Amino acid sequence: MPKPIEVLLYDLAFNMAKTVFKQTPLTSRTVSFTKGDAVYRYGSYIADRPQLWNEVLKVWQPLSKDNNRWTGTDGKGGGSQGLYTSNEFLFDKDFTFAEMKHYMTQALTDTPLDPQTPVEYMHYEAGKAPQAKMETAGNLRSVFLYTFNQPQDGLNLRFTADPMSYPQLIYKNMLKEGADIVKGRSLEDLYLGEDYSFTRAVGNAAFETFDLPCIQVSSAREIGGFNTIFRCDQGQMVLDVEPQGRASGYQILKDGSPVVRQAYTMDDLTYNAQFDQPESKKLVPLPEQLEVLSPLEKTVRDMSKKVDWSFEPTTVDKAVADSVNRQLSSMDTPFDTSVTELNKTMQDGVMDSVASALTKTGVSLIAPEPGFTDLVTRIQVSGVATLFQSQMVKERLAKLTEEVSGGPGYLQTVTDQVLLEKKQHLLSQEAGTIQATIAEAGTARQETSASMETKNQQLKEVEEKLKSKPDDPDLKKSQQELTRELADLTDKLKAEDEKYTKAEEAQKSNETARKEAEEKSKEAAERRAALKDHVFEGK
């Protein structure tokens, strides 16, 4: 885990980086990428999901919680975000690169599978037929291949002894301006250590200063390797590269040392079939992958011909509602956002939920088919599920998401209706709370007004007595106390009046919002009914 940034060190590095970047020309300090150059994105083993390649090209955490080495929060509300890729393919046979050890030991965070789930994979060796083997999901890691879609220049921030390199120039300036802050640490200490103050400051300054899509840095775990970090914002997809395929890696011990080898699971194979992979980018050539995949796909298609899809409408509707409820439960105040925007953020999760539900039911329906048991023995239930999803469910998802007459598709429409019903329920609950507040404030106003009348009457009586006894100390004290109490009650009544008025305004807004949600919910229900026959063909 990185240490918290040192504020003084971060500020010094950031300011010196900005100075160096402005004073020193970019000449010979960029890295040129040509169209087709490859970068690789590593992570936990990720089973197939319809929108997967989009997700892998996004940063999901907010800037305030982003604590990466070269990008992230500056602790003051600023900073930048980056998508980290490697320039090395780490799943070559018996590869022992330091980055590999990091990727193979990091915690599983984004796999939808239980780590103990058995996953069938194909082991390829040149000149030999592919071999089917088995591994648990927890021992697999995914790598996604992307290639630049056009020539691009990135900023060169590699670690080098060249005194004119940007890191060396920044460090030199830091020693001049803040030797006491650097505290004798070498550039290597600052660049490669577990304190990210220097690197994050330089990366953030680079993205703030230059209009470049990426920076390239040396791997902190192995100087011989490089990482390319793309400029990005939370939830926004990096558009400088395009997907080409994926593979898996699994770790074994060889002569007592851990090594990683390349494998292709059913998820990898079905994903790769979508792309015309370049053969020079380390992955097994696509034709060799399809030799394994195509017969299996045909087997599953043949088994699925007799599937009765009458379960689909109910399954889809329930899966949408389940996904919406799950996502809402993780949000503090979801309806501070419009239903339209909320719907957009939920669609990936909705698609996952629907795909999973349709696949689970579909696979159970083909289980009695001849050859199913043999197929499961070979590629496990998870492999059959992947093939069923790619061959049968994806085309149904396409129909569920397609726009009709220029309007939203079925999934978006059902999501709208579920969200609007949830909003109505929430507004109804709020209406009860508001009404209770109005009643409470009204009662308080009445009680305060009554107290003021009593105190006013008491004050009049005291003042009347003071006319005949102007110097009576007890009467004067009573007058002062009653005057003070009346002033307090006046302030209290004013606050209660404001509370009452705000509650009445909230009540009006609530009524308007409930009426609007009710009308939109009816519209969504009508559209859903109209779409149902089109999408499910009378099921």
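Modeller: By the rule used here, the count comes to 18 salt bridges, a salt bridge being a side-chain nitrogen of Lys or Arg within 4 Å of a carboxyl oxygen of Asp or Glu. The model is predicted, so local features need pLDDT of at least 70 and side-chain atom pairs count only at pLDDT 80 or more, while totals for chains, interfaces and linings use all residues. Residues are numbered from 1 along each chain as its sequence is written, and side-chain values use heavy atoms, with hydrogens and water left out. In general, side chains of opposite charge can pair when their charged atoms come close.

One of these salt bridges joins the side chains of Arg 185 and Glu 6, at 2.8 Å from N to O. It links distant parts of the chain, 179 residues apart, with Arg 185 in the loop between H4 and helix H5 (187-192) and Glu 6 in the segment before helix H1 (7-23); helices (H or I, at least four residues) and strands (E, at least two) are DSSP runs, numbered from the N terminus. Arg 185 counts as buried because its relative accessibility is 19%, whereas Glu 6, at 27%, is partly exposed. Here buried means under 20% relative accessible area, exposed means over 50%, and partly exposed lies in between, with a 1.4 Å probe and protein chains only.

Another salt bridge, between Asp 322 and Lys 318, is also given at 2.8 Å, N to O, but its setting is local: both residues lie in helix H9 (residues 312-329), four residues apart, about one turn of the helix. Asp 322 is partly exposed, with a relative accessible area of 29%, and Lys 318 is exposed, with 53%.

Lys 499 and Glu 440 meet through their side chains in a salt bridge of 3.6 Å, N to O. This pair again links distant parts of the chain, since Lys 499 belongs to helix H13 (residues 473-536) and Glu 440 to helix H12 (residues 410-468), 59 residues apart. With a relative accessibility of 39%, Lys 499 counts as partly exposed. Salt bridges can also join into a network, as they do for Lys 298, Asp 302 and Lys 305.

The domain assignment gives domain 1 (4-273), domain 2 (286-401) and domain 3 (410-537), with bounds that come from an automatic or database assignment. Across that interface of domain 1 and domain 2 there are, however, four residue pairs in polar contact, both residues at pLDDT 80 or more. A polar contact is a pair of N or O atoms within 3.5 Å; within protein, one must be able to donate a hydrogen and the other to accept it, and residues adjacent in sequence count only if both atoms are side-chain atoms. Strand E5 (118-123) and helix H7 (266-272) each supply at least two residues of the side of domain 1 that touches domain 2, and H7 gives the most, with five residues.
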